[in-house]
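Okay, thanks for having me, everyone. Let me put the model up on the screen and then walk you through a few parts of it.

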Amino acid sequence: MRLLIIEDEAKTARFLKKGLGEASFVVDVASNGVDGLEFARNVDFDLIILDIMLPGLDGWEVLEGLRHAGRTTQVLFLTARDAVHEKVRAFELGADDYLVKPFAFSELLARVRSRLRRVPARPQSTVCTADLEIDLLRHRATRAGQRLELTTKEFLLLSLLARRAGEVLSRTVIAEAVWDMNFDCDTNVVDVSVRRLRSKVDDPFGSKLIHTVRGAGYVLEAD
Ligand code: CA
C-alpha cells in the first residue's frame, strides 16, 4: 500500500513518514501543494494524507485539482482547522476522512487502515468452474469453448449457481435471487428452470456440473 503525505511542516511530515513506514506502508512526501498535486495525479496512491494550509496550492485546491483530473484516490484531511463548515466543505469536495491536529498517531493509523479496507474490490467479471466459463459483463456463458444459448433467467440462474459454486442453494434462495420474489408456496418453477438449464449446460457434455441435493436444493460443482 502506497501513501502520499502532503504536508509543509517538516517535523510532522517526518513523524508521519516514520510511523506509517513502520506500519509497512510505502510513503512519499510532498512539502507543498503544487508538488503534491503533481505527484497525486501521476502516481497511483492508495490514500493521500492532505494538509490544508500549504504553500503553492492549499489543500482545497489540491483536492479539487485531483478530482478534476478524474482521480478517485482516497483523501484524508489532516489539519489544524477544526471548524464544522470546513469539515463539511472537505466532504463536499470529495474528501474521505478528516482528522484534526493535534492528533494521536494511533487514531490516524486506525483511520488509514479502516479507509483502505473499504477500497471496493474490482467487480468480478468472469466466473469459471471446470470448463464452464461465464462472462458476467457480457452475459455470455460457454462450456468447453461452446457458446450456450440461454434465456435471461437461465443465465441468471446459472451465474448464481456458479458464483456460489460448491454451496448448496435452496429453492427459496434461488427463487428470491433469480425471480426477485418470495415463493412460499411454489418453488416448482425453480425445478422446471433447472431442468431446462441442465438440458443446455450438462446434457450435451460428458460431465455434469449441476447436482440435486435431495431435500436441500441445488449445487454447481465439478465432479
Ligand atoms: Ca500546513
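So, in which sense do strand β8 and β9 pair, and over how many bridges? They pair in the antiparallel sense, over two bridges. Before I go on, the ground rules: this is a predicted model, where local features need pLDDT of at least 70 and side-chain atom pairs count only at pLDDT 80 or more, while totals for chains, interfaces and linings use all residues. Residues are numbered from 1 along each chain as its sequence is written, and side-chain values use heavy atoms, with hydrogens and water left out.

Back to those strands. When I say strand or helix, I mean DSSP runs numbered from the N terminus, helices being H or I with at least four residues and strands E with at least two. Two strands pair if DSSP finds at least two bridges between them. Strand β8 covers residues 140-143, and Thr142 has Arg147 in β9 as its bridge partner. Zooming out, β8 and β9 belong to an open sheet of four strands, ordered β6-β7-β8-β9, with antiparallel pairing. Lying across β6, β7 (132-135) and β8 is helix α6 (residues 152-163), at about 115 degrees to β7. That angle is between N-to-C directions, on a scale from 0 to 180 degrees, with axes fitted as lines to C-alpha atoms, for helices over the stretch in contact.

Thr129 sits in β6, and at 12% relative accessibility it's buried. Buried here is under 20% relative accessible area, exposed is over 50%, and partly exposed is in between, using a 1.4 Å probe and protein chains only. Contact means heavy atoms within 4.5 Å; beyond four places in sequence, Thr129 touches residues including Ala162, Leu209 and Ala222. Ala130 is in the loop between β6 and β7, and at 57% it's exposed. Leaving out neighbours within four places, Ala130 is in contact with Leu209 and Ala222.

Next, the parallel strands. β1 and β3 run parallel and are joined by four bridges, with Leu4 opposite Ile48 in β3. On to strand β4 (residues 74-79): β3 and β4 pair in the parallel sense, again over four bridges, and Ile48 has Val75 in β4 as its bridge partner. Leu47 and Ile49 point one way from β3, Ile48 and Leu50 the other way, and all are buried.
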